[in-house]
Structure formats: C-alpha cells, structure tokens
Amino acid sequence: NYGLIISDEGAITPDRVFITIRECLQGNSRTDPSGCRAERFFFQSRMHFHSAIIDTKAACALLSTRHSPPPFFTYSALCRDPLVLLKCHISVWKCKGLRRIILSILRRALDANEYITYETAPTKEVALEILSVRDTIVARCLLIAGSGSFVIGNGRKEASSPIHCPMTMGFIRSMVARQKGLVAMLLKQGLPEGAVDWLVEFVPESLLDAPLITSCLSERNSLTAAERLTMADAALRIAIVHGSRDESEAQPLTYAALTVLVSSFFLVLGPIGVPVNVICEEGGQDVTQVCRKATFRMLKAMQKIRGSRVSLKNEVNMALSKIAGLCKSEGVMTGVVGIIASKRKSLLKEIWDAVTRANNAMGGTLQI
C-alpha cells in the first residue's frame, strides 16, 4: 500500500523504513549495498514520527534474517531488555548504514533501560550491579563486532576485517569513560586478540582502569597463570600506546605486566621431557601454548615504544635483561639430548631473537 510508505505530508513512514532495511538485509537492494539509503530514511522518518515507533519498526527489521520472518517487539520490551538488539545478524554489523541504525537505537534503549533499572531495583547498589553486567556484555559484543572477531554458533570463527567506524568507537569510548572498571572486567573475562588490539588502538580511555588492571595482575588467586599473562599482554599494550597521557598510572601498570611476563618464563618453555600439552586448564586449553603466544605478543609490542619515555624504557630494559639471563642459563642443559633438547634450544633462540629485536627497536641500550 503506497499510503503506508509515504504519508500525506510526503514524509517517509515507519513502514517504508522497515521495508528498506529488509531489502538491504536480503540483498535485494542493488542501489543500497552499504545501507546508507536505509539510514537516511531512518533519520528522515524520525523528524516526522515519534522515535519510539521508528526505533521499534527498524529494530524488528534488523533482527530479521533472509530465512526468517521479522520478530515482533514493542518499544517497552526493547527498553526492558535492550540486549536483544545484539542478536541481530553479523551482516548488520558489516553494513555501514545498518550498523549506525542499530547503534542509534541501542543508545536510546540503554538510556531508557537505565532509568527503568533504577526505578525497579530494590536498592541503588543492586541497580548499579545490574547495569555493570549489562554494559560489560554490550561493550564485549561491540568490541568483537568492531574487531571482526566473530564466532559462529558452532564455534567456527568468521574471518572479517576490523571496522573503522567512528560511531562504534565513540559508543565504546563513552561507555569506558562513564563506567569505571569496565575495561578491567573485560580483560579479566578474556577477549580475542583482535578485540584487545582494537580496544588498545581506538579506546584511549582504557588507561583510566590502569589501577584496577594492576590490582588484578597482582592478585595471584583471582586468575590462572595463562589468564594473568594474557591480561598482562593487554596491560602492557595499553601502557605503551596510551601511557604518555598519565605516566603515574602507566608506570605501575607496566611494572605489574612485566613482572608477570618474567615470572611466567618457565611456563612458556614447558616442562622438560614431557609433552607440551601436559599442562592444561579445565577446559582443555594448553597453558604452555597460551603463555607462549602472549609472551611473543608482549615482546613484539615492546618494539613499538617511541619517544623519550624514560620510565617505561627502564622497566622494559630490566625485564628484557632478566629474560635474556634466563635464556642463557636455560641454554646450558645437562642430561637432556636428542629431539627434546633441540626443540627447547629452538624455542630459547626464538625468545632470544625477540628480546634482541625489542632491544634494538629501543636503541640497543641494553647489553645482552
């Protein structure tokens, strides 16, 4: 019905917005592969119709797929459970215009949900806890979407390029700036490497959680050895990229991260004479391989230290010196021969070379 698409005043109706989004999702709109036309219709329609009506229509369209009919939601239901918006298909996040529509709706739904939570929670403390959990889920999903670190339902990873979307970056930055402890919680729970790199590159506010991240790295009972080293990798990257904003916060963070790196040296090497995967966590994850990957990521990150950051360079030099010394002492193995000794020496050489590259990148001030 043409009357459902264009109103008497010539305004684009909610039904037209709905149809345009569906066409874009189903691949039927050859003239709008980026979703920018759908986005333009969405914002034009909001100038003439109540935003709650437009948001609801658009959300129902965005939560549909090629092979399933659009779900039915009321605006009240979206505000009471805004996390349902995160269930949209991956193609929404990859499409520039549709991504900006869902972020626009999500922002308003979260604001409304915050008011509802404070009104319905028995105490303010309970409300804050609920909102903290909610924001952690939202930020995690947006980081994974922004970095392209998608995982399909069967555990298969979906290869995708990182998204350089100012709206996504601004959304996450505002959440991190507003909620203290958000980055620390995300790192403690664990993030894909791509999501960590995206966070470090585009969210300078992550340094605000430096004291909490430092505290997490210093507590030996709250994280496993592999989790601590993985978190130390993220912490060191934050200190290197954003530490110049506040060296007083970055210095303790750097020290804590490098302390974990040095103390994990023998986990990286693995036990002598037994298979590497003999050390496994409850989920079957190989601790040694996880620690190895995090160690080499940290050593590679050290190559990016630039400028006259004396405090940072001093901390890094001390850590490199200790690791180099451990490599030398472990290089002399008595009673170990054959393929076991060969593999161990090969790994030690890899670590030594990584230390050397990091040292050279900082000007070769350390004599190793």
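**Exercise 1. Work out how much space the largest cavity holds, and what lines it.**

Start with the term: on a 1 Å grid over the protein atoms alone, a cavity is a set of points where a 1.4 Å probe fits but cannot get out, and lining residues have an atom within 4 Å of a point. The volume is the space filled by probe spheres set on the points. For the largest cavity that comes to about 40 Å³.

Next, the lining: L261, F265, V268, T295, I323 and I351. Sort these residues and you get 5 nonpolar, 1 polar and no charged.

A word on the model: it's predicted, so local features need pLDDT of at least 70 and side-chain atom pairs pLDDT 80 or more, while totals for chains, interfaces and linings use all residues. Residues are numbered from 1 along each chain, and side-chain values use heavy atoms, leaving out hydrogens and water.

**Exercise 2. Check the span of helix 7 against its residue count.**

Helices are DSSP runs (H or I, at least four residues), numbered from the N terminus. Helix 7 covers residues 124-147, which is 24 residues. The expected span is 1.5 Å times one less than the number of residues, so look for 34 Å. The end C-alpha atoms are 34 Å apart, which agrees. Just after helix 7, G148 takes a positive phi of about 75°.

**Exercise 3. Decide how helix 7 and helix 8 run relative to each other.**

Axes are lines fitted to C-alpha atoms over the stretch in contact, with angles from 0 to 180 degrees between N-to-C directions. The axes of helix 7 and helix 8 (residues 166-178) come within 10 Å and cross at roughly 150°. Angles over 145 degrees count as roughly antiparallel, so helix 7 and helix 8 are roughly antiparallel.

Definitions and conventions
Helices (H or I, at least four residues) and strands (E, at least two) are DSSP runs, numbered from the N terminus. On a 1 Å grid over the protein atoms alone, a cavity is a set of points where a 1.4 Å probe fits but cannot get out, and a pocket is an open set with protein on both sides within 12 Å along at least five of seven lines; lining residues have an atom within 4 Å of a point. Ala, Val, Leu, Ile, Met, Phe, Trp, Tyr, Cys and Pro count as nonpolar, Asp, Glu, Lys and Arg as charged, and the others, Gly among them, as polar. Angles under 35 degrees count as roughly parallel, over 145 as roughly antiparallel, 65 to 115 as roughly perpendicular and the rest as oblique.
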